[in-house]
Each structure stands twice: as C-alpha cells, then as structure tokens.
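Me: Let us go through the following structure by question and answer.

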Amino acid sequence: MEYSPDEKIVRDAPEPPFEQLAGILRARIARGDWKPRRPLPSESRLGEEYELSRPTVRRSIAALVADGVLFVVPQRGTYVAGEATEAERD
C-alpha cells in the first residue's frame, strides 16, 4: 500500500501500525525530509509524533533496515541509507 508522507496512523486500519509507520517513513524519505546518510529522529521522538510505543517504532525501523532503506549504527542512531550528494554533504 502507498502512504502519503503526511498521513496519520489509523488504529482500525487493516494494516498494523508498524506497517503504516514504515510506509509513512518511506514516503517522508522519498520526499526528502531526511537525506541519505543523515540521522532519523530518535525512536522516542517518532513514537511521540505518531502516538506509538517504542517497540512499534522499532519494528517499523527494523522492517526498513531489512529493506535497505535505513541502517543502524549502534550507540549512534538510525540513518537513511544511500549515497549523499556533494551538496548534501555541505
């Protein structure tokens, strides 16, 4: 299912909240809200923004890591995968 970057989590939707959040995060990355090799907001912040528990946010992040959209650096955070352009590095 396609998600809009500005969508909200729908509690009674057929898709579980972690799948909805993964779709929303993917759409926000595609829109350019977070650039390649730049960090995502913390799990806590995403949980607050989307009114989800940290385990649900973690499950969404794990799905995007498995798909190669994100990568995790232990003790540092979660980052958008992909090559940053020269302009994004500045």
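Reply: On a 1 Å grid over the protein atoms alone, a pocket is an open set of points where a 1.4 Å probe fits, with protein on both sides within 12 Å along at least five of seven lines; lining residues have an atom within 4 Å of a point. The model is predicted: local features need pLDDT of at least 70 and side-chain atom pairs 80 or more, while totals for chains, interfaces and linings use all residues. Residues are numbered from 1 along each chain, and side-chain values use heavy atoms, without hydrogens and water.

Me: What is the volume of the largest pocket?

Reply: The lining of the largest pocket consists of M1, E2, Y3, E15, E19, G23, R26 and A27. By class, these are three nonpolar, one polar and four charged residues (Asp, Glu, Lys and Arg are charged; Ala, Val, Leu, Ile, Met, Phe, Trp, Tyr, Cys and Pro nonpolar; the others polar). The space filled by probe spheres set on its points is about 150 Å³.

Me: How are α1 and α2 oriented to each other?

Reply: The axes of helix α1 (residues 17-31) and helix α2 (residues 43-50) come within 13 Å and cross at roughly 105°. L21, I24, L25 and R28 of α1 meet L46, E49 and Y50 of α2 (contact means heavy atoms within 4.5 Å), and the residues of this contact divide into five nonpolar, no polar and two charged. Since 65 to 115 degrees is the range for this class, α1 and α2 are therefore roughly perpendicular.

Me: Which residues of α3 take part in the contact with α2?

Reply: The axes of α2 and helix α3 (residues 54-66) come within 9 Å and cross at roughly 110°, which makes α2 roughly perpendicular to α3. Three nonpolar, two polar and three charged residues form the contact of α2 with α3. From α2 come E43, S44, L46 and G47, and from α3 come R54, V57, R58 and I61.

Me: Beyond its neighbours within four places in sequence, what does E43 contact?

Reply: E43 lies in helix α2. Sequence neighbours within four places aside, its contacts are R54, V57, R58 and I61.

Key. Axes are lines fitted to C-alpha atoms, for helices over the stretch in contact, and angles run from 0 to 180 degrees between N-to-C directions. Helices (H or I, at least four residues) and strands (E, at least two) are DSSP runs, numbered from the N terminus. Angles under 35 degrees count as roughly parallel, over 145 as roughly antiparallel, 65 to 115 as roughly perpendicular and the rest as oblique.
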